[in-house]
Amino acid sequence: MNCEECQENLSVYLDGELDESVSMSVRTHLTLCMECAKLCEDFAVILDTCQTEPPSEIIPPNSQALWCRISNSIEGDIKPPSVEEKPQQGWRFSFLQVGSAVLGIALISSLLTVVGIKNYFEPSGEDFTSRSAATQTTFEKILSKVGIADTPYEARMRRMKEQESAISYWDKRVQAQRAKWDNKMRDAFDRNLNEINQTVKEYTMILQQNPDDDLSGEMLDSALNDKMNLLRDFSEL
Amino acid sequence: MIFNAVNNARFIFEGKTTILLLLSVVFFFAPTEASAQKKFSKSYPASQNVRLQLLNRSGTVTVEGWDRQEVSISAYLETPAANVAPQSLSGTIYINLVKDNQGRGDVGSVNFTIRVPYDSKVDIETKVGNLNVSNVRGGFVRAHISSDGDITLSNIASGVVSAQNGIGNIFFDGEIQSGGNYRFTSMRGDINLRVPSNSAFRLVATAPSTRSINLGSFSGGNMRFVGDGRRVVGQFGDGSATMTVTNQRGTIAFIRR
């Protein structure tokens with residue numbers, strides 16, 4: 001019998017439930033193997049303690065040695081750590097790279113600050129929505145490219161959408177009120193609205209043919225504002 | 001025979017009586033029709049730099065500067081139902097016919113003639129009708145017509161002038177003050193600006209539909225046409241004032257004063 005077979009049968013052996021022949025083999029091995037004999041002794045003590053004392057007072061004899069063996073057994077099952085050196089995590093930069101990065105950040109921050117201050121103190125009289133790509137500054141083009149700012153076309157479309165939404169709101173109010181107007185008022189309103197609608201139509205057509213026509217974009221914006229104001233002015237009557 | 005003659009005479013007499021009665025009825029009601037136009041008058045003592053703020057519905061508004069420190073308001077109401085209730089608050093005379101007659105269809109036109117001190121600020125607005133302002137040199141003059149109507153601003157010496165209408169003409173005759181701001185906007189009509197030849201202003205004049213921008217004696221120098229002749233931009237003199245003129249479907253002309 002070897003150690004493995006002996007340790008497998010040790011618990012049953014202590015319980016006295018092994019066949020006589022196997023029990024004899026275990027006993028023989030225990031006399032020859034000190035390690036198995038010690039393990040058998042520990043098992044026997046544990047069994048005895050469990051049978052005689054309450055669990056709260058279980059203190060194995062020579063507990064330090066028992067824990068040492070358990071610890072050794074666990075460490076034996078764990079694979080030893082690889083001796084290969086792990087590659088170092090993270091980036092390594094040269095002094096030149098770090099310097100360039102710092103300089104770049106400083107430059108961008110300065111530019112943004114200058115542009116911000118300029119826009120704050122000197123608001124442009126020109127409406128961005130009425131501008132074309134041709135009149136965009138390089139900085140604005142970069143912002144448009146990276147998606148931070150609208151392109152002039154996008155800005156115009158967004159503005160038109162807002163204006164149309166406002167026009168729709170005021171138009172509903174006008175429709176609710178116009179029955180109360182006299183004929184003179186109604187005729188004047190219709191005539192002016194028609195004039196503005198024709199203007200809007202003209203500029204829309206021009207812009208379809210030439211989306212970069214700054215002036216038509218500006219005039220369309222102005223005409224839509226006029227329409228909104230006309231509707232708003234008459235809605236309060 | 002005699003009977004017939006008497007009858008005829010009686011018929012003629014009765015006919016004449018009928019005509020006379022009808023005429024008397026006509027003459028009786030005719031003055032009544034004329035006097036249906038109600039008049040409203042009120043005066044307010046004016047402080048220095050008094051401000052007039054008027055919002056009319058329909059009708060002609062005439063504002064004239066005069067040498068008295070009072071504001072005189074005369075209103076001619078087309079229908080007696082119209083309510084005119086001016087208010088004087090903190091140096092401003094408010095007249096708001098829209099608010100005072102909200103939701104009413106029987107208001108009709110109201111024609112105003114208002115006299116204000118020369119130094120007054122004038123802010124007048126109407127939905128339909130003409131606006132006239134003359135002899136005013138206060139801080140600003142604003143005349144706004146929502147739809148149809150002509151604007152006439154004559155003998156104006158204000159630093160800020162704004163005139164806007166829908167369909168109608170705009171005429172300005174006045175000074176361009178240093179550092180001032182002048183804006184004239186129309187949808188369709190003629191914009192005529194009569195200013196002194198020594199005026200100094202930066203100009204953006206746009207007439208995209210007609211491309212009719214006549215600079216008169218102000219042409220040349222730094223003025224240049226842009227956008228295929230739809231706009232003129234430039235500077236006259238030292239360019240200390242700003243002038244923006246936009247006429248969507250009409251003409252623009254400058255006249256030397």
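Me: Is B:R211 buried, exposed or partly exposed, and why?

Reply: Burial here is a neighbour count: a residue is buried if 20 or more other C-beta atoms, placed from the backbone, lie within 10 Å of its own, exposed if 12 or fewer, and partly exposed in between. B:R211 has 15 other C-beta atoms within 10 Å, so this residue is partly exposed. Please keep in mind that this is a predicted model: local features need pLDDT of at least 70 and side-chain atom pairs count only at pLDDT 80 or more, while totals for chains, interfaces and linings use all residues. Residues are numbered from 1 along each chain as its sequence is written, and chains are lettered from A and ligands numbered from 1 in the order in which they are written.

Me: Where is B:R211 found?

Reply: Helices (H or I, at least four residues) and strands (E, at least two) are DSSP runs, numbered from the N terminus. B:R211 belongs to the loop that links β16 (201–206) to β17 (213–214) of chain B. Its phi is positive, about 55°, although the residue is not a glycine. B:N135 also has a positive phi of about 55° without being a glycine, but B:N135 sits in strand β9 (residues 131–136) of chain B. B:N135 counts as partly exposed because 16 C-beta neighbours lie inside 10 Å.

Me: Now the sheet, please. In what order do the 11 strands of chain B stand?

Reply: Two strands pair if DSSP finds at least two bridges between them. In chain B the order is β5-β6-β2-β8-β10-β12-β14-β20-β16-β19-β18, an open sheet with mixed pairing. The edges are β5 (87–89) and β18 (224–226) of chain B, each with a single partner strand, so one side of each has no neighbour in the sheet. From one strand to the next, the twist averages 10°; axes are lines fitted to C-alpha atoms, for helices over the stretch in contact, and angles run from 0 to 180 degrees between N-to-C directions.

Me: How many bridges join β5(B) and β6 (residues 92–96) of chain B?

Reply: Strands of a sheet pair through backbone hydrogen bonds, either parallel or antiparallel. Three bridges join β5(B) to β6(B), in the antiparallel sense, with B:Q87 opposite B:Y94.

Me: Which helices of chain A pack on this sheet?

Reply: Contact means that the C-beta atoms of two residues, placed from the backbone, lie within 7 Å. Helix α8 (residues 183–209) of chain A touches β2 (51–58), β8 (121–128), β12 (160–167) and β14 (181–188) of chain B, and its direction makes about 95° with that of β12(B). Helix α9 (residues 214–235) of chain A touches β8, β12, β14, β19 (231–236) and β20 (241–247) of chain B, at about 80° to the direction of β8(B).

Me: How many residues of each chain are in contact?

Reply: 21 residues of chain B are in contact with 22 residues of chain A. On the chain B side, β2, β8, β12 and β14 each supply at least two residues. That side has five nonpolar, nine polar and seven charged residues; Ala, Val, Leu, Ile, Met, Phe, Trp, Tyr, Cys and Pro count as nonpolar, Asp, Glu, Lys and Arg as charged, and the others, Gly among them, as polar.

Me: What happens at the other end of the sheet, where β18(B) and β19(B) pair?

Reply: β18(B) and β19(B) are antiparallel over three bridges, and B:F225 has B:V232 as its bridge partner. Four residues lie between the strands of this hairpin, where B:G227 takes a positive phi near 60°. β19(B) also pairs with β16(B), antiparallel over six bridges, with B:R202 opposite B:Q235.

Me: Which strand do six bridges join to β15 (residues 190–195) of chain B?

Reply: The partner is β21 (residues 251–256) of chain B, and the two run parallel; B:D190 stands opposite B:T251. β21(B) also pairs with β17(B), in the parallel sense over two bridges, and B:I213 has B:I252 as its bridge partner.

Me: How many helices and strands are there in chain A?

Reply: Chain A has nine helices and zero strands. Of its 237 residues, 17% count as buried. In helix α1 (residues 3–15) of chain A, the buried residues include A:C6, A:L10 and A:Y13.
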